[in-house]
Amino acid sequence: TRSSAKRRSRHDSTDALRFGLCARARRQRVRAVRSPDPNDRCPRAGARVSTRRPLLRWRAHPRARFYNVQLFRLRGAKATKVLSVFPRATRFRVPAKRIAPGGRYVWRVWPYLATGYPDRPLGLSYFDVRRRPATR
């Protein structure tokens, strides 16, 4: 049906470009920012994380039954989906096997409501994973 096709289209990697994920994340100057509000998106946009298991956290939607968290790896102008999960909580720890050192990742959260997914994601952010130091 038309509505299920509309919902499915939000879950493919090509729509990452439609929301400007790549362009926005490439233009931003990367710097670590500490989140003042524990319910705000974490890690903050442009944060440099040293772990391969970052904890993603976002503000709750009052009518959400669950969330769809999507994680994309950016390489130039290309965004590749590396993870899509459906937690009920407002936090999710990314498995280490999904993250590569030295990569830039964009993530977004879609709340699932009684009427389906809304037109826009609840949150959108990006972070960089530090490279491992060279060993001698």
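Tutor: L71 stands opposite L83 in β4. The model is predicted, so local features are given only at pLDDT of at least 70 and side-chain atom pairs only at pLDDT 80 or more, while totals for chains, interfaces and linings use all residues. Residues are numbered from 1 along each chain as its sequence is written, and side-chain values use heavy atoms, with hydrogens and water left out.

Helices (H or I, at least four residues) and strands (E, at least two) are DSSP runs, numbered from the N terminus. Starting at that end, the elements follow the order α-α-α-β-β-β-β-β-β-β, which gives three helices and seven strands.

β3 has two partners to consider here. Strands are said to pair if DSSP finds at least two bridges between them. With β4, the pairing of β3 is antiparallel and runs over seven bridges.

Q70 faces the β6 side, where R108 stands opposite. The side chains of R108 and Q70 are joined by a polar contact of 2.6 Å. That term covers a pair of N or O atoms within 3.5 Å; within protein, one must be able to donate a hydrogen and the other to accept it, and residues adjacent in sequence count only if both atoms are side-chain atoms. R108, in strand β6, has a relative accessible area of 1% and is therefore buried. Buried means under 20% relative accessible area, exposed over 50%, and partly exposed in between (1.4 Å probe, protein chains only). The areas come from the Shrake-Rupley method with a 1.4 Å probe, and for residues only the protein chains shown count as cover.

By that scale β3 is mostly covered, with eight of its ten residues buried. Across the protein, buried residues make up 40% of the 136 residues.

What does the strand pack into? A nonpolar core is a set of buried Ala, Val, Leu, Ile, Met, Phe, Trp, Tyr and Cys residues joined through side-chain atoms within 4.5 Å. The largest such core has 17 residues, and W58, L71 and F127 are the members that touch the most others. Another core of five residues lies apart from it, with F72, A79, V106 and Y126 among its members.

A pair of aromatic rings is described by the distance of the centres and the angle of the planes. Rings of Phe, Tyr and Trp (its six-membered ring) pair if their centres lie within 6.5 Å; planes under 30 degrees apart count as stacked, over 60 as edge-to-face and the rest as tilted. The whole structure contains six aromatic pairs. One of them joins F66 and F86 edge-to-face, at 6.1 Å centre to centre and 75 degrees between the planes. Because F66 lies in strand β3 and F86 in the loop between β4 and β5 (91-93), this pair ties together parts that are 20 residues apart in sequence. F66 has 22% relative accessibility and so counts as partly exposed; F86, at 47%, is partly exposed as well. Y112 and Y117 make another edge-to-face pair, 5.1 Å centre to centre with 75 degrees between the planes. Y117 is buried, at a relative accessible area of 13%. Ring pairs link F66, F86, Y112 and Y117 into a cluster.

For the wider setting, take contact to mean heavy atoms within 4.5 Å. Among contacts in the protein between residues at least 6 apart in sequence, 63% join residues at least 24 apart. The accessible surface of the protein comes to about 8,500 Å², and carbon and sulfur atoms account for 48% of that.
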